[in-house]
Amino acid sequence: MRRTRFPILTLSLIPVLLASSACTRSDAERRAQDLKVSRAVSFRSSDGVRLSGRLFGDGTVGVVLSHMLPADQTSWWDFASELADHGYTVLTYDFRGYCPGGDAGCSGGSKQISAIWQDVLGAIDAVRSAGTTRVALIGASMGGTASLVAASKPGVDVEAVITLSAPTSIEGLVAGTDTLATVTAAKLFIAGTGDATGSADAAQQLFGSSPQPKRLDLVTSNDHGTDLLTGNQSGILRTTILNYLQEYAAP
């Protein structure tokens with residue numbers, strides 16, 4: 001499904017349209033629109049924890065979106081909808097112990113960051129079960145670290161791993177040199193230079209310890225994780241991610 005192309009508007013009408021859109025399109029309405037193109041799913045992590053997620057789109061390439069620490073799967077819904085519009089099957093989900101409720105789902109287990117790479121493995125199997133033949137991983141903050149660790153495991157076959165503000169380690173979850181050396185998938189490390197968590201330094205460390213193919217994108221932003229996709233660099237970064245997926249994950 002592709003995004004609808006609108007007819008060209010005269011210049012005098014554009015400010016009116018933008019003002020009207022800003023007034024009428026609330027966050028709740030945008031979320032409702034995103035949900036219309038998704039469906040609730042449930043699957044198991046590699047160690048058996050029941051996880052709740054949503055699938056967007058219907059393509060042969062699957063993209064697994066893993067959330068950051070203070071968030072849940074809802075932080076990805078807008079971008080998941082955009083990826084689906086570009087022909088991908090996209091899975092968002094709540095890590096173990098995260099239970100926002102309602103359409104946002106409720107995963108079982110207790111919060112244990114050191115174990116969430118096993119949730120990523122379950123998500124890879126789930127998106128493959130949806131009919132995809134190739135898979136890419138995108139993770140924000142701890143979700144990026146977990147994606148790298150999952151991609152390093154024997155027998156795991158993914159085309160690309162993209163991280164947004166991923167730390168090298170967090171509460172027992174570690175993407176060290178030995179781990180990164182086994183991640184043969186294409187890797188894109190993204191971070192904001194003004195991020196107070198030090199994610200730019202972490203991105204450089206992850207990049208330096210990783211084999212090719214790899215790419216480092218540091219942008220002028222104070223945003224962290226999925227906030228990068230809605231902040232001052234959002235347009236550039238969304239395009240960068242889409243292009244990287246096209247280069248390394250598309251059939």
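Which residue, with a positive phi, follows α3? The answer is G87, whose phi lies near 100°. The structure described here is a predicted model, in which local features need pLDDT of at least 70, side-chain atom pairs count only at pLDDT 80 or more, and totals for chains, interfaces and linings use all residues. Residues are numbered from 1 along each chain as its sequence is written, and side-chain values use heavy atoms, with hydrogens and water left out.

Helix α3 itself spans residues 77-85; helices here are DSSP runs of H or I with at least four residues, strands are runs of E with at least two, and both are numbered from the N terminus. This helix is mostly covered, with eight of its nine residues buried. Burial is judged by relative accessible area: under 20% is buried, over 50% is exposed, and values in between are partly exposed (1.4 Å probe, protein chains only). The buried set of α3 consists of W77, F79, A80, S81, E82, L83, A84 and D85.

A disulfide is taken as a pair of cysteine sulfur atoms within 2.5 Å, and a search of the whole structure finds one. C99 and C106 form this bond, with their sulfur atoms 1.9 Å apart. The disulfide is left-handed because the torsion about the S-S bond of C99 and C106 is about -100°. C99 has a relative accessible area of 46% and is therefore partly exposed; C106, at 29%, also counts as partly exposed.

Two helices then pack against each other. The axes of α4 (residues 117-129) and α5 (residues 142-151) come within 8 Å and cross at roughly 70°, where axes are lines fitted to C-alpha atoms over the stretch in contact and angles run from 0 to 180 degrees between N-to-C directions. That angle makes α4 roughly perpendicular to α5, on a scale where under 35 degrees is roughly parallel, over 145 roughly antiparallel, 65 to 115 roughly perpendicular and the rest oblique. On the α4 side the contact (heavy atoms within 4.5 Å) is made by W117, V120 and L121, and on the α5 side by A146, S147, V149 and A150.

The backbone holds some further points of interest. Most residues other than glycine have a negative phi, and most peptide bonds are trans. S165, in the loop between β6 (160-164) and β7 (169-170), has a positive phi near 60°. At 2% relative accessibility, S165 counts as buried. E171 is not a glycine either, yet its phi is positive at about 45°. The loop between β7 and β8 (173-174) holds E171, which is exposed because its relative accessible area is 60%. A cis peptide bond joins Q212 and P213, with omega about -5°; P213 sits in the loop between α7 (199-209) and β10 (214-219).

Finally, E247 belongs to helix α8 (residues 234-248). With 54% relative accessibility, E247 counts as exposed. Its side chain makes a polar contact of 3.4 Å with the side chain of Y248. Such a contact is a pair of N or O atoms within 3.5 Å; within protein, one must be able to donate a hydrogen and the other to accept it, and residues adjacent in sequence count only if both atoms are side-chain atoms. E247 and A160 are 87 residues apart in sequence, and their C-alpha atoms are 9.6 Å apart in space.
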